[in-house]
Amino acid sequence: MSKLVIVESPAKAKNIKGYLGKGYEVIASMGHVRDLPAARLSVDIDNNFSPKYAVIKGKENFVKELKKKADKADFIYLATDPDREGEAISWHLATLLELDLNEKNRVTFNEITKRGVTEGMAAPRTIDIDLVDAQQARRILDRLIGYKLSPFISQKIRRGLSAGRVQSVALRLIVDREEEIRAFNPKEYWTVDAKFTNPPSKKVFPAAVYSKNGEKIKITRKEESDAVLADLKDSEYTVASVKKGTRKKSPTPPFITSTLQQEASRRLSFQARRTMKAAQELYEGVDVAGMGTVGLITYMRTDSLRISEEARAAGNRYIAEIYGEKYLPKKPRYYKSRGNVQDGHEAIRPSMPNVTPESVKNSLTSDQYKIYKLIWERFIASLMENCIQETVKVEIAAGDYILTTTGYTVKFDGFTALYEESKDDGQDEDSAPLPELEKGDILKLKSILGNQHFTQPPSRYTEASLTKALEENGVGRPSTYVTITSTILSREYVKRDGKQFVPTELGEAVTKLLKEKMPNIVNVKYTSKMEDDLDKIDSGDKDYIEMIRLYYDDFEEPLEQAKREMQGVKIKLKEEETDEICEKCGRKMVIKVGRFGKFLACPGYPECKNTKPLIYKTKAKCPECGGDVIEKKTKRGTSFYGCSNYPECNFMTWDTPSDEICPKCGKSLFRKRGNVLYCPDTEGCGFTKPVPRKKKDSTQE
């Protein structure tokens, strides 16, 4: 018998074929084969929101070939990804190939290993129509909102704009945060900070003034700080009390999609797209020396914290062997997933816990290794015993004042022997260990100073913190967050400032318009409720057509009212002025956006109609001909750099030009990945130098 297995990606097809052997043909659909055509609404609103699917442009020949293979096969397995989107792809394939939807031809693989594939093939089932309906409901709602709302904001603000069910809420969070920062009124406060030793120990430790005459002290001005310092002059500092305690620090759960993206952003400075690309490759399979091609992690799009008992046992064996039995908790630790999570999936974990990152490092790319190491360490640490810390709080008496300090020592390192979750910027670090102190000890003062501080506004969102906020508010799904951030960046609603998202004037104008005219679309709680209702379709607790009708009615009426109220109204944005001088009239040219993107135009229109292409000139010079190095964009919007004298000069690089000059040959230096400046001189100058990382300002609170 010949059996046809259809998966989504070629890499996965090749690896699964290797496990299945003879009698099976495995082919890849390359994602969706049918979708709602973009050229029209493709949803029949008057006929129960019936979708009008069509084969995706460019896949017609593939579908013809697929049908030929299906006709020759004795049996067809639909083995697309084990999630809502994968279920929908299987349904579309079944519809195109005219398969019986009551037939058990749907198989899923939580991991691409021999065991994972064997277990998946041994448990075929019918297509889960509830999952398919949930995907359709999302797709149809997104199409209705995007197709009807995007033209409205484009007409009122600028052509080519878009709005969306989740995208617009994400943008609102960023804009609201920026408004909080602008409205923030910093308040001055002071601390009086001292440093001591406890002779004969030379270890220096800090303490701060806490109270006077038993009441907590609040210092708001320099004069008050100086008064405290004057009171403490020539004081004797005596340990008044030492309170010791014990605290447990538990490991964080294994990763789900959103936490993997957040931790990779914090620890590795990876954008979500880069993280998910490496994770996808690790799931689909890599060629590992001595093992062949194998999937190293389980499926990477999941909200579930469940892990299989087999994986737990394998992880426990590794911990016992390498760290010892004392690093295993006496009672297994189980993590509880959030509500409305399908526990058919597992958390993201290594498919073979005994395969350490170091053992496969030489078989992986740099990104694959870093992500695998993160996933492996997080999983193993999640199974380990708590870290036990002995805490100490010390009060130091000086006249009418009490100074306090806290610290801790590690009694048992537990899971921290392997891994600790990194912290967001601005989060306080734990206090450091203190020297041995006892009540009555007389301390030696090393220094005492008054330090001025100002309260700080909330931080702007980063990709990690925005992902966390969306997840905590129940907006969207982790698998879609990459697309959301990419969209608001590509639409120029926000821009990056380092890791932070800063809203542009355009992004703020779009949000303001939607808040005024379509408040539900940017309402966090409303969008969260919509997500909950979509999840109820998954479980069969809600009819997807009724759900679409409810939210569409809520959407259509205010949109039509907004169109009536804003008839003939155009929101004008401030045009960005450049240093480029119009050679026809002498004015400074401005950046405008047209049908084919940005261009330079004279602000004197219609008297002066001069326009030019927009070229971003860097301060670097071409190492080959000395011309200006300019920034260019690929069709996908990725920046690269080339010589302004093209096509006479073909110099091109992906590396970022810097303002620095090579000290050996005088040519411009470029920055490559790894934060290294280098000279691209083709004659072999070879100069390089690392770029020092900026130190954090320790005075910021």
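## Two positive phi angles in loops

Met 30 is found in the loop between β2 (24–28) and β3 (34–35). The model is predicted. Phi of Met 30 is near 55°, which is a positive value in a residue other than glycine. Met 30 is exposed, at a relative accessible area of 52%.

Phe 49 sits in the loop between β4 (43–44) and β5 (50–51). This residue is not glycine, yet its phi is positive, near 55°. Is Phe 49 buried or exposed? Phe 49 is buried, with a relative accessible area of 3%.

## Helix α7

Helix α7 spans residues 222–232. Its buried residues are Ser 225, Val 228 and Leu 232. Seen down the axis of α7, the buried residues fall within an arc of 60°, so they line one face of the helix. Glu 223 and Ala 230 are exposed on the other side of α7.

What do the buried residues of α7 pack against? They pack against strands β8 (188–197), β9 (205–212), β11 (237–249), β14 (387–398), β15 (401–412) and β16 (442–454). Just after α7 comes Asp 234, with a positive phi of about 65°.

## Cis peptide bonds

Pro 199 and Pro 200 are joined by a cis peptide bond. Its omega is about 10°. Pro 200 lies in the loop between β8 and β9. Both of these strands are on the list that the buried residues of α7 pack against.

The peptide bond from Tyr 605 to Pro 606 is also cis, and its omega is near 10°. Pro 606 belongs to the loop between β21 (597–601) and β22 (611–613).

Terms used. Residues numbered from 1 in each chain as written. Predicted model: local features only at pLDDT ≥ 70, side-chain atom pairs only at ≥ 80, totals over all residues. Heavy atoms only, no water. Buried < 20%, exposed > 50% of the residue type's maximum accessible area, 1.4 Å probe, protein only. Helix = DSSP H or I, 4+ residues; strand = E, 2+ residues; numbered from the N terminus. Arc of directions from axis to C-beta. Contact = heavy atoms within 4.5 Å.
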